[in-house]
Each structure stands twice: as C-alpha cells, then as structure tokens.
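Work through the exercises below with the sequence and the structure open beside you. Try each task before reading its solution.

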Protein chains: 2
Amino acid sequence: MEDFFNVLKVKDFITILKALPVGGKQEVKLAQARGRYLAEDIVSFEYLPATNRSSMDGYAVRSKDTFGASEANPVYLEISGQVAIDEIPQDRLESGLCVRIVTGSTLPPGADSVVMVEHAHEMGGQTVEIRKPVAPWENVMLKGEDITSNDVALRAGVKVSAPRAGILAALGREKVDIGVAPRVGIISTGDELVPISQTPAPGYIRDVNSHTLAHIAAEEGCEVNIYGIVPDLKDEVQASLVKALDENDVVLVSGGSSVGNRDFTLTALSGIEGMEVIVHGLALSPGKPTIFARKGDKYVWGLPGQVTSAQIVMLILVIPFLRHLQGKSDSFDLNKDFFLRARLSRNIASKYGREDYVRVRLKKDGTRIIAVPVPGKSGLLKTLLEADGIIRIAENCEGLSQDDEVMVRLV
Amino acid sequence: MEDFFNVLKVKDFITILKALPVGGKQEVKLAQARGRYLAEDIVSFEYLPATNRSSMDGYAVRSKDTFGASEANPVYLEISGQVAIDEIPQDRLESGLCVRIVTGSTLPPGADSVVMVEHAHEMGGQTVEIRKPVAPWENVMLKGEDITSNDVALRAGVKVSAPRAGILAALGREKVDIGVAPRVGIISTGDELVPISQTPAPGYIRDVNSHTLAHIAAEEGCEVNIYGIVPDLKDEVQASLVKALDENDVVLVSGGSSVGNRDFTLTALSGIEGMEVIVHGLALSPGKPTIFARKGDKYVWGLPGQVTSAQIVMLILVIPFLRHLQGKSDSFDLNKDFFLRARLSRNIASKYGREDYVRVRLKKDGTRIIAVPVPGKSGLLKTLLEADGIIRIAENCEGLSQDDEVMVRLV
C-alpha cells in the first residue's frame, strides 16, 4: 500500500488544476460558438418580449369580461378590430369588446389576456361567443418575461447550447466572445507501436492512443496536431516534446509514464529548461502513472500507455482541464456527471487512499437499474466499448458491496 | 378535445419515419468519422491482442510455481531472461524459472501469468522472491480477448465514439464508411421577423429559429444552409421552398404551420409538383402544428414558429430523423433517452390522446431527485434555458400527480 502514499490525491491535483489561469478569448460568429464557452457576460439592453404579446391565436380581451363563461353559459363580446402581427395597437380596449389577435401580436392597451380560438365561436356580424374564462395574463407573454433591460442574460463560462444560441440570436448577437480552445499536440511513445496504416509485425501493435486522444480533444473544440510515434529514447522523446510544445498549448504524451523500464517521458521533461513537473503519480486507478508538467502557459500530460487507462484519465481530468482553459465555469465539478442511480451487481474491492473508476454495464431488473462491473484489463479495448458508464469508488472507501447504491456517469 | 382526433399520433408518425429509406454512405478518414454513424460492419481479420500479452510490468511465470507464496513464505524463482516489448519469445518457460516482462510484451510459451513488479523482489544474482501467488492468466491479455479474426468488431449504425475510434485504429482502419449527413436548409417565415443583425422596430422580433435550428442540425453533423426570413406570402414561401429543396436533402420551415391566419407552408407545399404532405398536425404538445412532407428522397418539416415548441419537435422527432437518414440504428428508440428517475413536485394536467412534453428543473431533496415543471409559454426563450430536462406524459394519460415517479431526459 505504501506506493499510494507517495502519490498525489486526485482532489489535491484538482485544486492545482483549478488554480491555473484560463486562456484567452476570441470573437466568433454565433454559429462558430456552438458547443464552446462564453467568455463574456451577455447583458441585455432590451426587454424580451418588448411588449405584452399573445402566445396563442385568438381574441385579446379584458379577463374580467370572461369570468363565469362556460359552454352552457357563454359570454358574448363585440369584435372591435384585429391586431396585425407587426402592429403596436394604440386604441384602448374597452369592456365588452375584444380584438382578433395572432400568436406573437401585441395586446392593445386595456387587454390583459387572450381567449384561444378553440374556446371562441364567431356568431356572424361582430359578435364572438366565449365559452371559457381566462385568467389575467393568461396566454400572454409579458414584456420582459424572458429578459429585462440591463439584465445579465447569460453568464460567462456557460456552454453555448441551442437554447442559449436562441437567447444570443434574440439579443442580436451576431458575434460573441468565447474562450480560445487550446491547440493540442499528441505524441505516442513505445517501441512496440506502428502507425495504423501498417500491419504490425509479430510483437508490434498499432498506435491506438493517438487516435482516441485526438478524438476526445477534438470533441472539446481543440485543434489537434498528431506527432506520431516516438521511439523509447530520451532524446527522441525530448525533441518531439519541444517541437509539440512550440506548436501547441497542451501536449498529451501516452505511454512511457509508468515507473517501469521505459520511463522516458519524465526524464525527457526534466531535460527541458523551465519545465516544472507538478505531478508524477496519482492516487487514481486506472491512471496512477499520470504526469502533469508546466512550462509557462504550456502544459504536458503524460498519460498511461494502456488504452483504457488513458481514456479514463482523459474523462476524469484532461477534459475538465481543456474546458477550464476555455473558461468553463465549474469544469472540475465532476459530481454532477454522476447522476444515474443504480445498484451494484456484485462486490468490488478497492484500495483505501485511492480513487477507483470502474467501468459498468447497465441493465434493468424490473424498475431497478443494475450496474454490472465490466471485467477486463486496462490494456483491452473492449472494456470501455462494452461499458455504459463508470462509477467512482472514493479514496476513503475500501470497496463496495453487492446491492450498494452507486452513481453512474454515462460514457 | 375533438381536434386531437384529427391529428396523427406520435407513435404512428414514428412508424412512418422509421420506414423511410436511409441515405447513402461515404468513405472518410477516421478523424472525420468522429460522432458520425458507421455505414459498414467492421470485420476483423486479425486477433486483438495478436498474442498473450502482459498487462503489467513484472515477471512471466507458470502460475503453479507461485501457489502458496506469501510475505511470510515467499517462493523463489530463477530469472532466465527478459522479453523485449517487440519480441516474440520462442523458448519455453520451464518450471522454477521466470522472465522479466514489461506491459504489452508477449508471454513465452509455458508461462500463463505475470507477477507484478510490486509483488516481487530481486535478491541479486538471478533470483527473484515472489510474495503473492498469481492465478492462471492473471495479468495477461489473452490472444483474441478483444477481437478474434472474422469477428464483427463494430456493427453498422453505431456512433463513432472515442472507444470505437480506438477499435478502428487497432484494426488499421484509416478510412471508414459512414452515413452521409443530409444537407439541411432552413427557412423562417413570419412578417414580424427581422434578421438578428437588425434592431427590431416596435412589433417586430429577431429571427431566433434560424439560429437554434441551425445549431441543432449542425450538431448532427449536417451541412446547414440558411435561407433567411420569407414573408407570409404563399408564392414567396413556395419559391423559397423550391430553392431550398433543390440545394438540400431536408428543409426545415419554422412558423406558418398552425391553422391560424398565416398557414402558408401547407398551401405552398401543396403547390409543389410531386410533393406529398404526409403529416399535418400531431397529437403532440408542444408541436401540434408540425408538418411533414416528402418529394422523392427530399423532405420538408414545417415546425411551429414558437421557439421552444420548435426546439422540442427537433428533440423528439427531427434529430432522430436526421440520424435515421445517416443510418443510425434504433434512432427512434426514444425511451432510452429518458433514463433519470425523479419525483414530480406537483400535479400536471394533460389531455388524453396527446403526448405532452413538459420542461422540468431538477433539484435534490435528500437522496431524492425532484422534477419541478418550468412554467411558461412556448414562445418564451427562458423555459428551455431554465430546464434541466423534459418529461413525457403518455398519450393515454390524463395527467400526473405530485410525487409520481417520472423519467427525465436531460437537455
């Protein structure tokens, strides 16, 4: 167990990561902001809606006039006109009158509600029969109900989702400031690796990590540059790191970060002037051999060579880090990603002092959701492929028991 | 109520949509397949792993030799050599011997397990002390454990996620066939609309739907073409539809699809030769005035003008449709998206015969998750913005009661 007391706890590492400065911002067109993080508070200088607008096709009325109306005992109002969609009516609506109105039109002064066309019946002439009462402001979108003037409509740090893009459009924001996504360079190390274009000779395998890590970084909006496979030689790893650091903001190196025979990432990093190795070893499984180093505002992650381990470290730490650099608020608040409640199908052992992430499949048992741990080694591709989610075993926990309730993060 | 019996039930509409032919496929580089849907079964012609490989740094052994080993009573083995990462060892490992091995190396014949370096201690000379037994095949990734030759590794219709990109890379697939994403044209209708670049005069509002619909279609991998705002005139709507249909596979028209005064989408569609209006009106709230029409292999959706209604119809119907065209399997199996169990904070009324989607905020009450309906009209932007999810009220249900269990789809 002693080896886990030489390594950093995940929560202490996250404290370090959270304190790192956020990157710059850039102005982009609204469509380019999709999925990115706002780098400015969006302040409204308008009321949305700008007026009291109808949310239905029907008749603008004074609600009091309709009180008591029913199928058996309808109320009769006189139609005094109609409001066009693009019109601001000026004439006050007097009691006993109504005006025809369409969805989105502005109510005339005096009117405080809209009777839906389905609940009214024109009798010919100018008379309409109202069969159902409306409450004050029923079927009306009030002036400023969405946003009032000088209101902060959206806070910096939120992701631009479709509804938020709607707010930005409604406020006339053709361009917005978003956090600049870091450029991510990817290096694979390992004498046993060949590019995926090659058929591996016996003993060799194709380089999977370059592609999975690139996939994940691209999903975070990052420009990705792949530097290919570097042999397990300190000078070669160092030269590749220097080049990748020059051309990127973040460099991901997979392989070579364990304490085994081939630990060249750490020695290569130590040979780069100004490089500060902040973490070498985390109380995390999988992911213990993770390295994190910094040179000014550029960062290097040493990730496990095992394909599944590398992806778990990406999920738990590197993705939140890439979002943090883009200014996402609460990007390390991982708890909210573990929202699906399930029961464990069997006992799972864990080591005290280490955070464990276990891949699970989900299945239904009546109304209960069961989390079934996916067996398999971190070097296998299929464990993540077969998993519907992951669960966390906290560092102060020595394991979980069958039927324990667990919170699952979907993957 | 009778109006809901004139309209199509959602499940019957989905039956129609499911039967529509899937679009074509295209070959792209692996990186371009990110988030898209495979259009071919991926068959492996190799074993992955190709050999029995170590998943740990340590010593390859015959597991029998370690049985009974403990801290107090270790077993001593003689180191007969080591296996390089890129080597296929030929010499059989005899009883009493072991070889040094690194993660990923191939086990020599005769060896069936690996003792982790943490559980062994080299005594000097060629002797290593083993302090813990290993089970047969412990710390070994078996030949073919991920994929065997002639196995279907991935099925057509699945989304290319990071773990699946890993499988494709491992199999050497530099290029893969994916479903072609439809080109999506977007038209907004409404005399009250102005482009977002303009400050609306009184009575006018900015065109939100063009931007939210474009956002959502782009998230589905579609090329999006925006045709701007078309006045509420049948000929203008029709001309715009014809142009958009010529240049796209799917056209989304928002506004003008209700039975109110400005129902130009339907009349414009009826004027286009070969256009078959399949649906006009759904037993769905919000989203009742939805239109769906087809001309050969091109499709038109008429969506509500109300911003929130339009987005709900996108979520429930148009997104699955866009995925179906790309060959996604089970794209209309919406139930699995509603996976979060919550309790309702209050009663909600609904109409029998209609599927209702209600926006909810989630909050915690001890260990329970409470779904709080977000009040507000479909024309308001903030209801979707404030919602964490949506719940469905089935068509054969007249409402839900406080404390009822509901399944939430996160938005």
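**Exercise 1.** Decide whether A:Ile42 is buried or exposed.

*Solution.* Start with the definition: a residue is buried if 20 or more other C-beta atoms, placed from the backbone, lie within 10 Å of its own, exposed if 12 or fewer, and partly exposed in between. A:Ile42 has 20 other C-beta atoms within 10 Å, so A:Ile42 is buried.

Before going on, note how the model is described. It is a predicted model, in which local features need pLDDT of at least 70, side-chain atom pairs count only at pLDDT 80 or more, and totals for chains, interfaces and linings use all residues. Residues are numbered from 1 along each chain as its sequence is written, while chains are lettered from A and ligands numbered from 1 in the order in which they are written.

**Exercise 2.** Find the element that holds A:Ile42 and list the residues that A:Ile42 touches.

*Solution.* Step one: A:Ile42 belongs to strand 2 (residues 42-43) of chain A; strands are DSSP runs of E, at least two residues long, and helices are runs of H or I of at least four, both numbered from the N terminus. Step two: contact requires C-beta atoms, placed from the backbone, within 7 Å. Leaving out residues up to four places away in sequence, A:Ile42 touches A:Val152, A:Ala153, A:Leu154, A:Leu168, A:Leu171 and A:Arg173. Step three: A:Ala156 is 114 residues away from A:Ile42 along the chain, yet their C-alpha atoms are separated by 7.4 Å.

**Exercise 3.** Describe the side of chain B that touches chain A.

*Solution.* First, count: 65 residues of chain B are in contact with 64 residues of chain A. Next, look at the elements: those giving two or more residues to this side of chain B are helix 2 (162-170), helix 3 (209-219), helix 6 (307-325), strand 22 (340-344) and helix 7 (382-386). Helix 2 of chain B gives the largest share, 8 residues.

Methods
Two residues are in contact if their C-beta atoms, placed from the backbone, lie within 7 Å.
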